[in-house]
Amino acid sequence: MNVTITFLVVGALFVLVLFWVLRSGRIREKYVALWGLIGVAGVVLAIWPDLLSGLTRLLGFQLPANLLFFLAILLLLGVCLHLSVEASKLEDETRTLAEEVALLHLRIDRLQGQRADESTPPRT
Amino acid sequence: MPAWNESDVIAATVTEVLTAMPEADLLVIDDGSTDDTAALAHAAGASVLTLPYNMGVGGALRAGFKYAWRNGYEQVIQVDADGQHDPRDIPKVLAGLEHADISIGARFAGEGAYEARGPRRWAMRLLATALSAAAHTRLSDVTSGFRAANRRTIRQYTHHYPAEYLGDTVDSLMTAIRMGYTVTQVPVAMRPRQGGTPSASPVKAMIYLFRSAFALLISTTRRKSSVA
């Protein structure tokens, strides 16, 4: 019974922190989905521990703890993959921005050169 | 001409290209160099597109193709900054565009002395075989950075030109082929690099082979990118 309360408190705290961070705009909604799933799953399992035992038998795990660890690792892997995907997307976006900056920079240089010396042809 | 910290050779290469092709516009893409590559290239008479940080050859090239597309160029040829490519071959490679969308200046097509051994050679064979099969034409040197593109291809490149290692040569080519662009190759001689050292260790060669195969796998299974 003690363990149940511990899990419940930790799970509830986690969901609360998540909600708080989201509300103060420090995390985007798309990242919350997976974390929220983890938090809610924690709370649900804390309230109905029998659910875990039932699932353990159903899926053929030896111990409920095994299933718990398995699920935890699975979800963490999911979060990691999601972050990698987002990082790649950001890299792509910064790449495009860097290209634009470089292209604009060259254009400004040209326009300034043109203005400084009108007799010089703009393109060589 | 993509260039990253090539201050030893860039001025000479730019001068040589401009002498060989006086009617062409030369754009040097300074890929986040920490030396004075950009200033030297500019002084030698090239336009310089300076990227704010190092993006790799593929990143530099896509920026260059965007420049070409927006400024209305009909043909583009990319040339290495290290002086490996003989500028006198440029008209020859460009002539390949008369009957294809992409023209590659190839090392193994009978001209010049270029030798590769061991895993590196296998990797080049593997890539050449796969891309030849996809393109329905014999391509012997698909990692060559001496290649020309027409306006249609420039447009495709601005949409898809990976920055990853080998993405700039293998992936860009495979994607273009799968999109229906035609490829041809022109034999050219390669000169020894004017500066820098080529990587020759067997471990690096094995990694190269592995990455080649991986790049090939990804590019052949990728969903076709759509040009809007």
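This short talk goes through a predicted model with chains A and B, beginning with chain B and ending where the two chains touch.

Before the details, please keep in mind that local features in this predicted model need pLDDT of at least 70 and side-chain atom pairs count only at pLDDT 80 or more, while totals for chains, interfaces and linings use all residues. Residues are numbered from 1 along each chain as its sequence is written, and chains are lettered from A and ligands numbered from 1 in the order in which they are written.

Chain B has eight helices and seven strands, where helices (H or I, at least four residues) and strands (E, at least two) are DSSP runs numbered from the N terminus. Of the 228 residues in chain B, 48% are buried, and buried here means that 20 or more other C-beta atoms, placed from the backbone, lie within 10 Å of the residue's own.

Let me turn to a sheet in chain B, an open one of four strands in the order β4-β6-β5-β7, with mixed pairing; two strands pair if DSSP finds at least two bridges between them. At the edges stand β4 (75–78) and β7 (183–187) of chain B, each pairing on one side only. Strands β5 (residues 102–106) and β6 (residues 147–150) of chain B pair in the antiparallel sense over three bridges, and B:Ile102 has B:Ala149 in β6(B) as its bridge partner. Packed on this sheet is helix α6 (residues 151–159) of chain B, which touches β4, β5 and β6 of chain B, a contact being two C-beta atoms, placed from the backbone, within 7 Å.

How many residues of helix α3 in chain B are buried? The answer is twelve of its 15 residues, so to speak a mostly covered helix, and among them are B:Val57, B:Leu61 and B:Phe65. At 1.5 Å a residue, α3(B), residues 56–70, should span 21 Å, and its end C-alpha atoms are 22 Å apart, which agrees; the expected span is 1.5 Å times one less than the number of residues. After α3(B) comes B:Gly72, with a positive phi near 75 degrees.

Finally, chain A is divided into domain 1 (1–47) and domain 2 (63–118), with bounds that come from an automatic or database domain assignment, and the C-alpha centres of these two domains of chain A lie 28 Å apart. Where the chains meet, ten residues of chain A are in contact with 14 residues of chain B.

Conventions:
Axes fitted to C-alpha atoms, helices over the stretch in contact; angles between N-to-C directions.
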